[in-house]
Amino acid sequence: MRLTWTTATLELAEPLRISRSVTVRRDAVHVRLEHDGLDGRGEAVGSTYLGLPADAIVRGLADVRPAVERLPDPETAWAELAPAGPVGAGLPAGVLAAVESAVLDLAGRRARLPAHRLLGSPRPPSARTARTLGIAPAARAAAGAARLAAAGFTVLKVKAGSPDPADDLARVAAVRAAAPAAELLLDPNGAWTEPQAHALLPRFAALGVTAVEQPVPPGCPDSLARVAAASPVPVVADEDAVTHEDVLALAGRVHGVNVKLAKCGGVRAALRIHAALRGSGTDLMLGCLTASSLGIAPAVHLVDRARWVDLDGHLLLADDPWTGIGGTDGTVAPTARAGLGVRPRRPRAPAGRPSPRA
């Protein structure tokens with residue numbers, strides 16, 4: 001097998017402001033695994049918050065390439081790749097997820113089966129996805145909500161964490177008025193103190209918010225659990241739920257955990273978390289970083305396992321170089337094609353700098 005990669009920049013259609021940062025672009029590394037005339041693809045995106053810049057992604061790929069290329073075929077790679085096997089066990093989670101994606105895509109194409117079949121779902125999964133509205137003036141958020149509702153979105157996620165909580169309340173009220181039938185999720189990205197969360201969540205519930213992600217800063221799961229116990233709406237851990245061990249510590253203490261493949265290490269790590277949550281009273285949310293359709297596709301093949309789905313990262317881009325998971329009408333679903341089912345909008349090799357060969 002042959003493992004290569006290219007680098008690219010993904011520009012957002014407009015800046016996305018959250019409580020801790022503003023994102024205007026993402027560095028992306030596109031992974032390609034070739035064997036016997038077929039190839040499989042994956043994507044890792046740089047993340048300052050996760051401590052994974054693009055150069056660290058490239059270093060991780062260079063480190064794991066010899067071990068991957070010694071394997072005879074993608075089926076063996078699937079068995080040997082972490083978390084099931086030893087190959088890549090020390091990789092950053094986002095890099096492991098991208099390599100696993102390429103292996104899954106290639107194995108599916110060789111078997112002429114879509115990825116969800118290889119992952120145990122006989123029927124093509126589909127789900128309503130949330131669409132994110134960043135921190136913005138109320139009037140602008142309302143206009144965006146109205147456009148999204150008209151396009152078919154029935155779940156909207158409103159970012160919160162403004163210096164003045166009154167601005168967040170005004171934004172949510174405006175979104176509710178502009179999209180009265182939409183389910184509203186709220187995401188302060190850990191911006192509130194615990195007393196603020198206790199005081200604010202009943203007010204947001206009165207505006208129709210149906211769940212909140214990570215209302216308090218990560219690092220104190222007991223605080224998050226106390227907020228969840230008193231909250232009038234479900235509380236979903238995100239920044240506090242990175243690893244399998246994090247999730248085990250929160251199971252039964254919060255209403256949900258937001259699993260992002262770039263955080264946990266890929267689809268099999270996500271399935272392991274899903275299994276660990278069974279019967280605990282804590283549900284699964286599938287989330288994502290801002291990424292292309294290629295980067296988000298593996299999670300789309302898992303949406304039948306999730307209570308909440310927030311896989312809209314590709315919809316935030318000015319120009320998504322890949323296609324195959326839908327989403328523009330508010331619903332994500334894989335195509336019937338083998339593997340991940342995504343295809344490039346441009347020629348097969350994405351634009352960027354190819355990896356050097358040793």
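## Terms and model

Helices (H or I, at least four residues) and strands (E, at least two) are DSSP runs, numbered from the N terminus. This is a predicted model, in which local features need pLDDT of at least 70, side-chain atom pairs count only at pLDDT 80 or more, and totals for chains, interfaces and linings use all residues. Residues are numbered from 1 along each chain as its sequence is written, and side-chain values use heavy atoms, with hydrogens and water left out.

## Overall build

The protein has 12 helices and 15 strands. Its C-alpha atoms fill a box of roughly 60 × 40 × 40 Å along the principal axes. The radius of gyration, taken over C-alpha atoms, follows a globule rule of 2.2 Å times the number of residues to the power 0.38. For 358 residues, a compact globule would come near 21 Å, and the protein's 20 Å agrees.

Buried means under 20% relative accessible area, exposed over 50%, and partly exposed in between (1.4 Å probe, protein chains only). Buried residues make up 57% of the 358 residues. A contact means heavy atoms within 4.5 Å. Among contacts between residues at least 6 apart in sequence, 67% join residues at least 24 apart.

## Surface and charge

The accessible surface comes to about 14000 Å². Carbon and sulfur atoms hold 53% of that surface. Areas come from the Shrake-Rupley method with a 1.4 Å probe; for residues, only the protein chains shown count as cover.

The protein has 40 positive and 35 negative charges, and their mean positions are 4 Å apart. Lys and Arg count as positive, Asp and Glu as negative; His and the chain ends are not counted. Each charge is placed at NZ of Lys, CZ of Arg, CG of Asp or CD of Glu.

## Cysteines

A search of the whole structure finds 0 disulfides (pairs of cysteine sulfur atoms within 2.5 Å). Cys264 is in no disulfide; the nearest cysteine sulfur, that of Cys288, is 13 Å away. Cys264 counts as buried because its relative accessibility is 17%. Cys220 is at 36%, so it counts as partly exposed.

His35 is in strand E2 (residues 22–35). Its relative accessibility is 18%, so it counts as buried. Beyond its neighbours within four places in sequence, His35 is in contact with Met1, Pro72, Asp73, Pro74, Leu106 and Arg110.

Leu289 sits in the loop between strand E11 (283–286) and helix H12 (293–300). Leu289 is buried, with a relative accessible area of 16%. Its contacts beyond four places in sequence include Arg26, Val45 and Ala262. Leu289 and Ala262 are 27 residues apart in sequence, yet 7.6 Å apart C-alpha to C-alpha.

Val300 belongs to helix H12. Its relative accessibility is 0%, so it counts as buried. Not counting residues up to four places away, Val300 touches Pro125, Leu311, Ile325, Val332, Ala333 and Pro334. Val300 and Val332 lie 32 residues apart along the chain, with 6.7 Å between their C-alpha atoms.

## Backbone features in loops

A cis peptide bond joins Ala82 and Pro83, with omega about 5 degrees. Pro83 lies in the loop between helix H2 (74–80) and helix H3 (93–111).

Arg112 is not a glycine, but its phi is positive, about 60 degrees. Arg112 is in the loop between H3 and helix H4 (115–118). Its relative accessibility is 73%, so it counts as exposed.

Gln214 also has a positive phi, near 35 degrees. Gln214 is in the loop between strand E8 (209–213) and helix H8 (221–230). Gln214 is buried, with a relative accessible area of 0%.
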